[in-house]
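Hi,

Here is the structure I promised to pass on to you.

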Amino acid sequence: MRTADSPLRSKVLWSVVGWLVVFVFFFPVLWMWLEGLKTEPQAASSPPTILFLPTLAEYQEVLSGDFPPFFINSAIASLVSTLLVLVLGLPAAYALAIRPVGKTRDVLFFFISTRFLPFAASLVPLYLLARDLQLLDNILALILIYTTINLPLGVWLLRSFLLEIPNDLFEAARVDGAQFRHEILRIVVPLIAPGLAATSLICLIFSWNEFFYAVNFTSSVAATAPIFLVSFISGRGLFYAKLAAAATLASLPVLLAGWIAQKQLIRGLTMGAVK
Amino acid sequence: MLPAFIYVFLLTQIPFVLTIYYSFFSWNLLKEGSFRFAGLDNYTRLVTNESIRTAVLNTVVLTISVIAISVVLGLAVAMLLNSEVFGKGFMRTLMIAPFLIMPTAGALIWKDTLLNPLFGLLPYLLTPLGLSRVDWVNRFPMATVVAVEVWRWTPFMMLIILAGLQSQNPEVLEASRVDGANAFQAFRRITLPLVRPFIELGALLGSLFVVQTYDSIFMLTYGGPGEDTTNIPFLLYLVAFQGYSIGQASAIGVVAVIITIVVATFALRTLFSIFQVEARR
């Protein structure tokens, strides 16, 4: 009798514990969603409002106000820099994986070391350069910087996916007389579609959520979504519901992408080390 | 390969060399003609200056506590999600949300809607304990920053460690149980050595990110009160963009690079030795 029901009992017990823990971690996100569906008086009430009639008024307010340009800037900076990472990174990864050059290891370590160079290392010169080239508050500056941040990661990740392709495939293609560009486009790209997805996801996460360069290199014209949230820190009174709605919208693209591509997420975050 | 190589070289290495160069000059961006050679002045000022020492200390405290706590919590959650529980996939999905939420958004939600002493949910929930009107952000600024960062990095550690656990052969654990090992022994002798490289990887990557924490400090405390939560990235921001002292900021940048290298090496070595001692027992 005991042996029959004890596995189930322990499963139920651990499930309860697990769900409690998950609830604690997820709660701030849930609370953000709830706050965004309240009216301002409900969001700034004491004690906090738990039961209320949800309204999309604050979302309407955010979307019809000055938020959309920030969101669009974020989209441009993230998407264009991600595309640049793929275009520049794929040939480099290909060269390192399929046709290893001398000192491949050194080149790889050079790439990855630049990813972890603190932004402190290059901040001042980049700022002066951007200033002299009239690129401050210009989305182009963010695009170039995000490409720099993500390119080393992209090269590593793409290489880890390329290494999994059997070499015979390339041999066969070369015997068939495929040219280098065709080799990449027709054979490599379809085979490493998951790799391209993982790379894009990681680039998107890092560039969409990036704050340091965004807040210091832009002011109004090129400001991105996180900068919009800065305006809520002080001086605007109690706009908690609006803040929560804006925070939800600003977080949405990365949250959705990460949820959809969970498999690629681990591999991307560990630069291909963990599959 | 060449285009990517040149691109990365141009935008990381040359600026770094320039940073080192500027660090030997005194230069205030707002004062025209203030550019002059200053020798080691910027560096001696770093040594004598209280602010930089505070910032280094804060960076170390923040990084070590965030990584240590989130590794332990991440390991615990990963083991929960790897055991026989209902709704594993959905649990994992919800669990990774804090990592994906925009850090600036997450920090604001914590500060304004959860921890606010007047309208926040947490002070309200803690009322029965007599902690109703505690202003967490101002009274415990570093603990608040650590808590918010742990909330963000635990899912990261969990993901990596869970991947490690899932590579474990369940039959080995089963066999150890048959051999009479209790749950703790099985964990220490079999599971821990197996996930060790995953923990190391998570801690190493995590510390390289956490050492650069800026977003949540900007949003939660703005480095304050006083300098209580000013870490190196935030100090750099204050010196470069509030004080416009290019030379001084560059010197901080050089120090930041050195500290990053030290933290990376130190973190890896410490973890390595801890686990080697564990494994030898």
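Before the notes, one convention on handedness: a crossing of two helices is called left-handed if the near helix is turned anticlockwise from the far one by less than a right angle, and right-handed if clockwise. You will need it for one of the helix pairs below. Please also keep in mind that this is a predicted model.

**Chain A as a whole**

Chain A holds 14 helices and 0 strands, so written from the N terminus the order of elements is simply α-α-α-α-α-α-α-α-α-α-α-α-α-α. Its length is 275 residues, and 48% of them count as buried. If we take the contacts in chain A between residues at least 6 apart in sequence, 80% of them join residues at least 24 apart.

One pair you can pick out on screen is Tyr94(A) and Ser160(A): they are 66 residues apart along the chain, and their C-alpha atoms are separated by 10.0 Å. Tyr94(A) belongs to helix H4 (residues 67-97) of chain A. Is Tyr94(A) buried or exposed? The cut-off for buried is 20 or more other C-beta atoms within 10 Å, and Tyr94(A) has 21, so Tyr94(A) is buried.

Where they meet, 10 residues of domain 1 are in contact with 9 residues of domain 2. On the domain 1 side, H1 and helix H2 (40-43) of chain A each supply at least two residues, and H1(A) has the largest share, with 4 residues. By class, that side of domain 1 has 4 nonpolar, 2 polar and 4 charged residues.

**Where chain A touches chain B**

How many residues does each chain bring to the contact? Chain A brings 71 residues and chain B brings 73 residues. Helix H1 (residues 2-36) of chain A gives the most to the chain A side, with 15 residues. The chain A side divides into 55 nonpolar, 14 polar and 2 charged residues.

**Helix H10 of chain A and its two partners**

Helix H10 (residues 193-209) of chain A packs against helix H13 (residues 240-260) of chain A at an angle of about 160°, with the axes 10 Å apart. Angles over 145 degrees count as roughly antiparallel, and so H10(A) is roughly antiparallel to H13(A). This is the pair for which you need the convention above: the crossing of H10(A) and H13(A) is left-handed. From H10(A), the contact uses Leu201(A), Leu204(A), Ile205(A), Trp208(A) and Asn209(A), and from H13(A) it uses Pro253(A), Val254(A), Ala257(A) and Gly258(A). In terms of class, these are 7 nonpolar, 2 polar and no charged residues.

The other partner is helix H14 (residues 262-269) of chain A, whose axis comes within 9 Å of the axis of H10(A) and crosses it at roughly 70°. H10(A) and H14(A) are therefore roughly perpendicular to each other. On H10(A) the residues involved are Pro194(A), Ala197(A), Ala198(A), Thr199(A), Leu201(A) and Ile202(A), while H14(A) contributes Gln264(A), Leu265(A), Arg267(A), Gly268(A) and Leu269(A). This contact has 7 nonpolar, 3 polar and 1 charged residues. Leu201(A) is listed in the contact with H13(A) and in the contact with H14(A).

**Positive phi angles**

Most residues other than glycine have a negative phi. Which residues in the loop between H6 and H7 of chain A are worth a look here? One is Gln134(A), with a positive phi of about 60°, in the loop between helix H6 (123-132) and helix H7 (139-162) of chain A. Gln134(A) has 9 C-beta neighbours inside 10 Å and so counts as exposed. Asp137(A) is found in that loop too, and its phi is positive, near 60°. Asp137(A) is partly exposed, with 15 other C-beta atoms within 10 Å.

In chain B, Tyr244(B) follows H13(B) and has a positive phi near 55°. Helix H13 (residues 232-242) of chain B is itself mostly covered, with 8 of its 11 residues buried. Those buried residues are Ile232(B), Pro233(B), Phe234(B), Leu235(B), Leu236(B), Tyr237(B), Val239(B) and Ala240(B).

Best wishes

Methods: Residues numbered from 1 in each chain as written. Chains lettered and ligands numbered in written order. Predicted model: local features only at pLDDT ≥ 70, side-chain atom pairs only at ≥ 80, totals over all residues. Contact = placed C-beta atoms within 7 Å. Nonpolar A, V, L, I, M, F, W, Y, C, P; charged D, E, K, R; others polar. Buried ≥ 20, exposed ≤ 12 C-beta atoms within 10 Å, placed from the backbone. Axes fitted to C-alpha atoms, helices over the stretch in contact; angles between N-to-C directions. Parallel < 35°, antiparallel > 145°, perpendicular 65-115°, else oblique.
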